[in-house]
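Trainee: Before we start, please show me the sequence and the structure.
Mentor: Here they are.

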Amino acid sequence: MNETQINLKTTVLDDGLGLISAAGYINNEGGQAVADAASELVGGGCQSLVIDLDGTRIINSIGVSILLEIMEKIMEGDGKLAFCNLTPTIAKTFEIMGLDQYAGIFPDREAAVTSFGTDGTA
Amino acid sequence: MEVVLHLPAVPNVELVAAKAVETLGEALGMDRNGIEAVSVALVEACLNAMEHGGSSFVVRLAGEDGVSPRMRVEVEDKGRGFDPDACPPDVSTRVHGCVSKRGWGLTLIRELMDDVQISSRPGLTRVRMWKELENAP
């Protein structure tokens with residue numbers, strides 16, 4: 001539960017949709033690593049992103065603030081951001097901090113990808 | 001049953017406290033969701049202690065019996081202190097386009113835990129919080 005090193009995997013799906021799988025502690029370093037991965041995908045032509053947090057059990061407010069910044073950059077480019085596989089505590093944290101007002105929250109990766117209208121083959 | 005940790009203010013030390021919550025929570029029979037809620041709240045309290053508190057701080061964890069058994073979590077530092085009332089719990093105006101996205105720690109603590117008491121003055125800040133063993137987020 002307390003991995004200090006975040007493990008990231010990025011994938012480009014169909015129709016300009018990027019996928020980031022993040023497992024580990026989302027603090028300032030983990031959040032920044034996700035932000036860097038998001039910037040790379042957006043720079044490579046992905047307008048919208050899915051961030052899969054399966055394997056992430058603990059976060060802090062600084063890390064979530066960085067996720068908020070990712071969300072704002074995606075929205076500035078008329079893209080959309082979705083999260084999936086959140087624990088109940090992370091889902092509640094997102095709700096408290098307002099991410100759920102601007103990003104889609106889905107129970108699993110398939111649902112998140114489907115919301116963008118692609119087949120979701122990762 | 002009580003756990004007392006004397007922690008230095010070094011990067012990621014809050015995860016040591018979170019691991020203690022996991023161990024004690026399992027021993028007390030707290031479910032996974034409850035343990036994770038307490039862990040996130042404690043991480044925020046530890047970050048506050050490191051930000052405002054100086055070189056070290058103390059974490060105390062304990063199980064409390066009663067009509068509703070619960071876990072008690074306490075974080076104490078000897079730093080400069082802060083005004084807990086200066087951190088408004090209303091978050092509706094603090095999202096998207098606001099000036100700062102920092103300062104969510106106390107809000108998260110209050111929302112994730114069942115009861116919270118904060119006392120702070122220069123030289124002694126104590127955050128005490130409780131989570132019922134069967135009250136997940």
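**Sheets, helices and a cavity**

Mentor: In chain B, five strands make an open sheet in the order E1-E2-E3-E5-E4, with antiparallel pairing. Strands (DSSP runs of E, at least two residues) and helices (runs of H or I, at least four) are numbered from the N terminus, and two strands pair if DSSP finds at least two bridges between them. The model is predicted, so local features need pLDDT of at least 70 and side-chain atom pairs count only at pLDDT 80 or more, while totals for chains, interfaces and linings use all residues. Residues are numbered from 1 along each chain as its sequence is written, chains are lettered from A and ligands numbered from 1 in the order in which they are written, and side-chain values use heavy atoms, with hydrogens and water left out.

Trainee: Which residue stands opposite B:Val3 in E2(B)?
Mentor: E1(B) pairs with strand E2 (residues 56–64) of chain B in the antiparallel sense, over seven bridges. In E2(B), the residue opposite B:Val3 is B:Leu61.

Trainee: Are H2(B) and H3(B) roughly parallel or roughly antiparallel?
Mentor: H2(B) and helix H3 (residues 105–112) of chain B pack at an angle of about 150°, with their axes 9 Å apart. Axes are lines fitted to C-alpha atoms, for helices over the stretch in contact, and angles run from 0 to 180 degrees between N-to-C directions. Angles over 145 degrees count as roughly antiparallel and those under 35 as roughly parallel. H2(B) is therefore, relative to H3(B), roughly antiparallel.

Trainee: Which element gives the most to the lining of the largest cavity?
Mentor: Helix H2 (32–53), strand E3 (70–77) and strand E5 (124–132) of chain B each supply at least two lining residues. With three residues, the element that gives the most is H2(B).

Methods:
Angles under 35 degrees count as roughly parallel, over 145 as roughly antiparallel, 65 to 115 as roughly perpendicular and the rest as oblique.
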